[in-house]
Amino acid sequence: MVVDIKENVSLKSYSTMRLGGQARWLAEAYEENDIPNLVEWAKHQNVPFMVIGSGSNIVWRDEGFNGLIIVNKILGKQILSEDEAGATVHIASGEIWDDAVGWTVEKGLSGIEFLSLIPGTAGAAPVQNIGAYGAELSNILTEVGVYDDETNAFGSIIASQCGFDYRTSRFKQADKGRFIITNITLKLSKKSPGPPFYDSLKNYLNEHKISEFNSKVIRNAVINIRSSKLPDPAEIANNGSFFTNPFVEQSQFDSLKQKYPEIKGWPAKDGKIKLAAGWLVEQAGFKGVHDDETGISTWPTQALVLVNEHAKTTADLLSFKQKIVDKVREMFGITLEQEPELLP
Ligand code: EPU
């Protein structure tokens, strides 16, 4: 096989949290056909395999992975069809998500500009159904191209069959590990985005007296808001939001509201209320905290982001995480769930 397979590679550089053990083997896939070859190689060696993007949502265990890590570097961006209303675009899974967003905005298309600057690859985007500023990938995505490890064949899955929900999909749940995502298809519009906008975006647009909207303006606004609030994983080791926003029943929200009148909550599906995990973490006393014992801190402008300042192991990270989880549970009776995937 032409693909180079490296041995005993530290996984630290394959997670933006920069922690974790070693991979027994690691290879980069540059084209779709590298995937079946590498999968076959792993099966032949009788070891497990795992496909990753840029590691922005991965926490590696200290034990590492006794198998083959396939790093997805498959590139390509293409307009499949276009009319007056919009265009259908095809993005290879190894593309950096934000490069793809920039490319669609340059083409005058609208739909994913709200998801600007989200770290990671295009192929990772459907796995956790990325979302920000009121937009969610599942609203724009039409199809996911896959290599199916059960049938050893390439195919595609339409959006309605992807099991999308808040920060999740079948790729993360029932079919975890079965499909290797090779590309995504998005249906974008030529119509400009318009209000109502998500609160922080609306405030930014008001403050900057912006009243004419197009995808470029929204992309710039989102980039400015994100860069002012969130650490850049290229410079500061972090995985973005470390917890998902929890959902509670209305009755639980009402009783929490009596005790904590300032609590933030938004009506969500099935009569539930979505709470702001960042607010809960901040109230628990963990905003801008530097934990010397573990070397982990929380970001001063967004308590939901954990930063690796000088931690040595994933165990350090998880022990700091536990302090937050315990305190939030004690105060609010809510158990926060980790957002980045703990692998393997
Ligand atoms: N809040 C606080 N204290 C904090 C952080 C937030 O009180 O330390 C409050 C804010 O004032 C706001 C509310 O919590 O009222 C929500 O905060 P924000 O708008 O920053 O959004 P979020 O719910 O904390 C989510 C996503 C982010 C995404 C933003 C913007 C999740 C888990 N996180 O954060 O996604 O960028 O909305 O749309 O859904 C990521 O997934 O890695 C990520 C950064």
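Reading a ligand site and some backbone features

Modeller: In this predicted model, a polar side-chain atom of E282 is 2.6 Å from a nitrogen atom of the ligand.

Biologist: Which other polar atoms of the protein lie 2.9 Å from an oxygen atom of the ligand?

Modeller: One is a polar side-chain atom of N245.

Biologist: How much of the ligand's accessible area does the protein cover?

Modeller: On its own the ligand has 820 Å² of accessible area, and the protein covers 84% of it.

Biologist: How many residues surround the ligand, and which are the closest?

Modeller: The ligand is surrounded by 22 residues, of which Y133, Y166, E282, Q302 and A303 are the closest. By class, this shell has ten nonpolar, six polar and six charged residues.

Biologist: Which helices and strands each supply at least two residues of the shell?

Modeller: Helix 4, helix 6 (277-283), strand 13 (238-241) and strand 19 (302-308) each do.

Biologist: Helix 4 also packs with helix 3. What is the angle between them, and how far apart are their axes?

Modeller: Helix 3 (residues 199-207) and helix 4 (residues 215-229) pack at about 105°, with axes 10 Å apart. Angles of 65 to 115 degrees count as roughly perpendicular, so helix 3 is roughly perpendicular to helix 4.

Biologist: Which residues make that contact?

Modeller: From helix 3 they are S200, L201, Y204 and L205, and from helix 4 they are V217, I218, A221, V222, N224 and I225. By class, the contact has eight nonpolar residues, two polar residues and no charged residues.

Biologist: Now the backbone. Which peptide bonds are cis, and where do they fall?

Modeller: As a general idea, most peptide bonds are trans. Here the bond from P195 to P196 is cis, with omega near 5°. P196 is placed in the loop between strand 12 (179-189) and helix 3. The bond from L343 to P344 is also cis, with omega near -5°, and P344 belongs to the segment after strand 20 (341-343).

Biologist: What is the phi of R18, and is the value positive or negative?

Modeller: Most residues other than glycine have a negative phi. For R18, phi is near 55°, a positive value in a non-glycine residue. R18 sits in the loop between strand 1 (5-10) and strand 2 (22-29).

Terms used
Residues are numbered from 1 along each chain as its sequence is written. This is a predicted model: local features need pLDDT of at least 70, side-chain atom pairs count only at pLDDT 80 or more; totals for chains, interfaces and linings use all residues. Side-chain values use heavy atoms; hydrogens and water are left out. Axes are lines fitted to C-alpha atoms, for helices over the stretch in contact, and angles run from 0 to 180 degrees between N-to-C directions. Helices (H or I, at least four residues) and strands (E, at least two) are DSSP runs, numbered from the N terminus. Angles under 35 degrees count as roughly parallel, over 145 as roughly antiparallel, 65 to 115 as roughly perpendicular and the rest as oblique. Contact means heavy atoms within 4.5 Å. Ala, Val, Leu, Ile, Met, Phe, Trp, Tyr, Cys and Pro count as nonpolar, Asp, Glu, Lys and Arg as charged, and the others, Gly among them, as polar. A residue is near a molecule or strand if one of its heavy atoms lies within 4 Å of it. A polar contact is a pair of N or O atoms within 3.5 Å; within protein, one must be able to donate a hydrogen and the other to accept it, and residues adjacent in sequence count only if both atoms are side-chain atoms. Accessible areas come from the Shrake-Rupley method with a 1.4 Å probe; for residues, only the protein chains shown count as cover.
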